[in-house]
Amino acid sequence: QVELRRVEEYRQVSKAYEIRVRTRNLSWTHHARIVARPDRLKWLKDADAGEWSVARMLQQIEASDAKLHQEEIDRQNAEYVRRMALDLAALIDQRK
């Protein structure tokens with residue numbers, strides 16, 4: 001059972017990365033840990049350039065994801081405030 005899972009993991013990783021984009025300076029684990037990410041090639045490039053360990057790469061990804069999440073929340077909040085201001089302005093105009 002364990003070996004079958006390992007073979008499936010190998011298959012998934014090898015299928016996700018063409019040979020030309022596999023990074024020799026990074027471990028198989030670097031590739032495997034982010035195989036499901038659509039931006040995995042960017043992160044492998046950054047990890048290679050920065051000579052990051054797997055743990056460091058994952059920390060960088062987590063920090064980036066958190067920043068993007070916060071930016072999306074901020075954007076949604078700004079849009080909500082903008083809509084509320086427009087609604088308030090329309091109510092004020094109706095009362096005139």
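## Salt bridges

R37 and D65 form a salt bridge, with their closest N and O atoms 2.9 Å apart (a side-chain nitrogen of Lys or Arg within 4 Å of a carboxyl oxygen of Asp or Glu). R37 sits in the loop between α2 and α3 and D65 in helix α4, so the pair ties together parts 28 residues apart in sequence. Helices here are DSSP runs of H or I with at least four residues, numbered from the N terminus. D65 is partly exposed at 32% relative accessibility (buried is under 20% relative accessible area, exposed over 50%, partly exposed in between; 1.4 Å probe, protein chains only).

Within helix α4, R83 and E79 are four residues apart, about one turn of the helix, and form a salt bridge at 3.8 Å between the closest N and O atoms. Salt bridges with shared partners join R37, D39 and D65 into one network. The whole structure has ten salt bridges.

## Basis of the model

The model is predicted: local features need pLDDT of at least 70 and side-chain atom pairs pLDDT 80 or more, while totals for chains, interfaces and linings use all residues. Residues are numbered from 1 along each chain as its sequence is written, and side-chain values use heavy atoms, without hydrogens and water.

H30, in helix α2 (residues 28-33), is buried, with a relative accessible area of 6%. Its contacts (heavy atoms within 4.5 Å) include V54 and M57, not counting residues up to four places away in sequence.

V54, M57 and I61 are the buried residues of α4. Their cover includes α2 and α3 (40-50).

Technical notes: Helices (H or I, at least four residues) and strands (E, at least two) are DSSP runs, numbered from the N terminus.
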